[in-house]
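Q: Could you take me through the strands in this one, who pairs with whom, and then zoom in on whatever sits in the loop beside them?

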Amino acid sequence: MKYLLLLSMLFLYSITFGQIPVINEPEGKTVIENDKMKVVEHVSQPKGDVCGLGMHHHEPHLTIVLTDAKVRITPENGEPQEMEVKSGTSIWFDAAETHSVSNIGNQPTKMILVYLKE
């Protein structure tokens, strides 16, 4: 039930604020934070960083892609990989290695990262 509520809140947020341009902050824009979760919005312009500046890592989290995205993911000690992700895609990451992610598409990208605190 709590996941249904969370997804409903994120859906309403994306509809309400989806058309407002946002400047990407280095660690993203915190949308909601309480004792249960932290929700961070990341907006990236073409050729910009997608979910953090340069090499970085994340705690386990859910990523919800709000726009189609073409990205290059570069692991700290690995080969870069390019991928296209469709709007509406949700991906759970248990623990991400150190990486960088660049927007290699022609459009801005918008993603929501949800970190659970339980």
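A: Let's start with the hairpin. β4 (residues 69-75) and β5 (residues 81-85) pair in the antiparallel sense through 5 bridges, and 5 residues link β4 to β5 as a hairpin. In that pair, K70 sits opposite E84 in β5. Strands here are DSSP E runs of at least two residues, numbered from the N terminus, and two of them pair if DSSP finds at least two bridges between them.

Keep in mind that this is a predicted model, where local features need pLDDT of at least 70, side-chain atom pairs count only at pLDDT 80 or more, and totals for chains, interfaces and linings use all residues. Residues are numbered from 1 along each chain as its sequence is written, and side-chain values use heavy atoms, with hydrogens and water left out.

Now the open sheet: its 5 strands run in the order β1-β2-β8-β3-β6, with antiparallel pairing. β1 (29-33) and β6 (90-93) are at the edges with a single partner strand each, so one side of each has no neighbour in the sheet. Inside that order, β3 (residues 61-65) and β8 (residues 109-116) are antiparallel and joined by 4 bridges, with L62 opposite V114 in β8.

As for the loop, H58 lies between β2 (37-44) and β3. H58 is buried at 9% relative accessible area (buried means under 20%, exposed over 50%, partly exposed in between, using a 1.4 Å probe and protein chains only). Its side chain makes a polar contact with the side chain of H56 at 3.2 Å, and another of 2.9 Å joins the side chains of H58 and Y115. A polar contact is a pair of N or O atoms within 3.5 Å; within protein, one must be able to donate a hydrogen and the other to accept it, and residues adjacent in sequence count only if both atoms are side-chain atoms.
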